[in-house]
Amino acid sequence: MILIADGGSTKVDWRLIDKDIEIKQIFTAGMNPFFRAQEDISNEIKHTLLPEIKKFDIEQIYFFGAGCNSTEKNEIISNAITDNVECRHIEVSSDLLAAARGLCGNDSGIACIIGTGSNSSYYDGKEIITNISPLGYILGDEGSGAVIGRLFIGACLKNQLTAGIKEKFLSEYNLTPALILDKVYRQPMPNRFLASLSPFVLNHIQDTSVYNLVYNTFKDFLVRNVMQYDNYKHLPAHFTGSVAYHYQAVLRKVATNLSITIGNISQSPMAGLIQYYSEIKNT
């Protein structure tokens, strides 16, 4: 059997697979090695994951996660798994490789993540060959939920949106300008706060001022990221993540106007990962 994990900072989605059949789905708390120590992650696996899988004979584990982009951090995850699960093969990789394999499979393509943050890569059908640094939501992360939220709040508080939207937003979220500034500049995880505003933006996407804001940040993403890959004109660009999925009508329009071919758009790469590793297991 194969155990595949798609891990974020908030939660990890684990799928137990036998050939191409999903046997079980388990959720645990997030395991970003930048924020949780090995002992902490190990305890999470021991108390939440292990009781659900201990009766199964697991041969391979593939863990893809946020923060898993260096040997040091990957070893934290690998060691925490080894502490609890007997398995002959454990592979820990980045969430970007999960996106690439889940979206592209064995074909080359440009794999993108647009969720709370954003990222992209050129994938040759086996591995990520090159990556444009996302730079985070202050310097980069174009198109992401955090950047959409940042741009939306800025436009709101500077009265750049259609009349009435500002007042409706502040009332619906029970916010004031002072509270917004406190959440952005003083409280932890401002990127999550900003991304949490995305549902309001989506609900008002038919408003021209809101639509243009989203359109322009997706354009920034494609120009500053996808169009930097030398072969972008000849390869499909695939997307995963909640923002890409829910705003896909706008994203597709921007891509068409820039002559970029859109391939798959999925909320999660898990279905593609299951297919990818089931095919490896069966060959």
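Colleague: Where is the place of Ser-259?

Modeller: In this predicted model, Ser-259 is found in the loop between H12 and strand E10 (262-266).

Colleague: Is Ser-259 buried or exposed, and what is the phi of Ser-259?

Modeller: Exposed is the term for a relative accessible area over 50%, and Ser-259, at 59% relative accessibility, therefore counts as exposed. As to the backbone, most residues other than glycine have a negative phi. Phi of Ser-259, however, is near 60°, a positive value. Leu-135, in the loop between strand E8 (128-130) and helix H4 (136-139), also has a positive phi, near 70°.

Colleague: How do the axes of helix H10 and helix H12 cross?

Modeller: The axes of helix H10 (residues 208-224) and helix H12 (residues 248-257) come within 9 Å, with a crossing angle of roughly 55°. That makes H10 oblique to H12, and the crossing of the two is right-handed.

Colleague: At what angle do helix H5 and helix H6 pack?

Modeller: Helix H5 (residues 145-157) and helix H6 (residues 165-172) have axes 9 Å apart and pack at an angle of about 120°. Angles from 65 to 115 degrees would count as roughly perpendicular and those over 145 as roughly antiparallel, so H5 and H6 are oblique to each other. The crossing in which H5 passes H6 is left-handed.

Colleague: Which residues form a nonpolar patch on the surface?

Modeller: Phe-34, Phe-35 and Met-189 form that patch, and together they have about 330 Å² of accessible area. Met-189, in the loop between helix H7 (177-185) and helix H8 (190-195), has a relative accessible area of 38% and is therefore partly exposed.

Methods: Residues are numbered from 1 along each chain as its sequence is written. This is a predicted model: local features need pLDDT of at least 70, side-chain atom pairs count only at pLDDT 80 or more; totals for chains, interfaces and linings use all residues. Side-chain values use heavy atoms; hydrogens and water are left out. Patches are made of residues with over 30% relative accessible area and no salt bridge: like charges are joined within 9 Å, nonpolar side chains (Val, Leu, Ile, Met, Phe, Trp, Tyr) within 5 Å. Accessible areas come from the Shrake-Rupley method with a 1.4 Å probe; for residues, only the protein chains shown count as cover. A salt bridge is a side-chain nitrogen of Lys or Arg within 4 Å of a carboxyl oxygen of Asp or Glu. Helices (H or I, at least four residues) and strands (E, at least two) are DSSP runs, numbered from the N terminus. Buried means under 20% relative accessible area, exposed over 50%, partly exposed in between (1.4 Å probe, protein chains only). Axes are lines fitted to C-alpha atoms, for helices over the stretch in contact, and angles run from 0 to 180 degrees between N-to-C directions. Angles under 35 degrees count as roughly parallel, over 145 as roughly antiparallel, 65 to 115 as roughly perpendicular and the rest as oblique. A crossing is left-handed if the near helix is turned anticlockwise from the far one by less than a right angle, and right-handed if clockwise.
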